[in-house]
Amino acid sequence: MNVIDRRTFSRLLGAGTAGASLALPATSAAASADTELPVASPRPVAPFGPLKQIDAGALNIGYVEAGPARGPAVVLLHGWPYDIHSYAEVAPLLAACGYRVIVPHLRGHGTTRFRSDKAFRNAQQAAVALDIVALMDALRIERAVLAGFDWGARTADIIAALWPRRCKALVSVTGYLITNRERNKAPLAPEAEWSWWYQYYFATERGRLGLEENRHAFAKLIWRNVSPTWQFDDPTFDRTAASFDNPDWVPIVIHNYRWRLGLADGDPRYDHLEQRLAQGPAIATPTVTLDGELDPFTPPGDGTAYRDHFTGSYDHRTLKGIGHNVPQEAPEAFTQAITDADTL
């Protein structure tokens with residue numbers, strides 16, 4: 001592939017980020033240390049698109065594509081409660097580097113729809129990962145750099161673990177997020193349980209109704225709690241919140257969290273995959289892991305809690321002053337992690 005040099009990359013960052021200022025690390029080795037970033041502030045809301053649609057597996061997936069059609073592929077995967085706009089600044093930066101960038105709405109989000117009204121609104125981890133494999137097949141992408149946070153990081157981790165030939169390199173926020181439901185039965189420290197309060201709320205019918213009736217207010221509360229320095233404005237939130245009006249959003253969110261806690265069944269067709277994932281398979285793909293210092297879900301130990309799961313070329317970075325939505329809070333650092341992972 002045609003990888004640009006760091007001087008050119010830094011120049012692109014300066015030209016494309018609405019005056020944002022960030023001193024990027026000069027080398028990959030230097031980047032492995034904690035990275036000090038400015039406190040996030042509102043950025044102009046710019047158009048992101050146009051949206052495309054494609055049939056892929058059980059879904060008709062809405063996605064944005066940027067960059068040259070023949071460029072090396074990067075697939076960017078969002079989390080919850082977010083959507084493709086977490087990558088509205090990352091995607092053009094990568095496109096300027098020569099990448100073909102694909103940013104899909106996950107099932108239940110935005111313009112992504114089930115192709116059958118009778119389909120099980122299933123959000124177990126294997127199903128979401130298979131959606132992305134099906135999307136890559138539909139777009140004739142054999143191999144891509146995969147990058148994500150939250151649900152997106154879990155999905156990217158699973159593809160790298162189970163189908164490593166499809167994943168050239170990996171960027172995973174909060175490291176190794178593959179779910180082991182048996183292990184999830186064990187209680188965490190009270191502080192950690194506090195951070196996951198909404199999972200237990202969603203386990204109840206009251207929680208489902210609360211999400212249904214107050215989805216935008218609920219999501220905005222989560223944004224504020226998990227990204228305490230991100231001063232997003234209403235237009236930024238509203239642009240993403242439109243994706244929560246998908247008719248499948250509430251069923252998908254509720255099933256995802258109930259499934260993780262063992263309160264909802266998955267699809268038996270995926271039992272063999274879930275059994276493999278429950279064993280904590282190692283990831284040999286070249287990987288950069290990122291932690292937001294202020295993300296309440298960042299485990300202690302500067303990446304040591306999950307380091308042993310990554311057996312290939314590896315680098316870890318902690319982004320100081322950054323919360324949960326790393327690509328939108330720190331798009332330059334996230335872009336840098338992708339270009340670096342691709343050359344590990």
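**Close-ups of a predicted model**

**View 1. C167, tucked away.** C167 sits at 2% relative accessibility, so it counts as buried (under 20% relative accessible area, with exposed over 50% and partly exposed in between, using a 1.4 Å probe on protein chains only). This is a predicted model, where local features need pLDDT of at least 70, side-chain atom pairs count only at pLDDT 80 or more, and totals for chains, interfaces and linings use all residues. Residues are numbered from 1 along each chain as its sequence is written, and side-chain values use heavy atoms, leaving out hydrogens and water.

**View 2. Around L146.** Leaving aside residues up to four places away in sequence, L146 touches V75, M136, A156, I159, C167, A169, L170 and V171 (contact: heavy atoms within 4.5 Å).

**View 3. The largest nonpolar core.** It has 98 residues (buried Ala, Val, Leu, Ile, Met, Phe, Trp, Tyr and Cys joined through side-chain atoms within 4.5 Å). L146 is among those with the most contacts inside this core, along with L76, W80, V171, F202, F334 and I338. Helix α4 (residues 125–138) supplies the largest share, nine residues (helices are DSSP runs of H or I, at least four residues, numbered from the N terminus).

View 4. Searching the whole structure turns up zero disulfides (cysteine sulfur pairs within 2.5 Å).

Conventions
Helix = DSSP H or I, 4+ residues; strand = E, 2+ residues; numbered from the N terminus.
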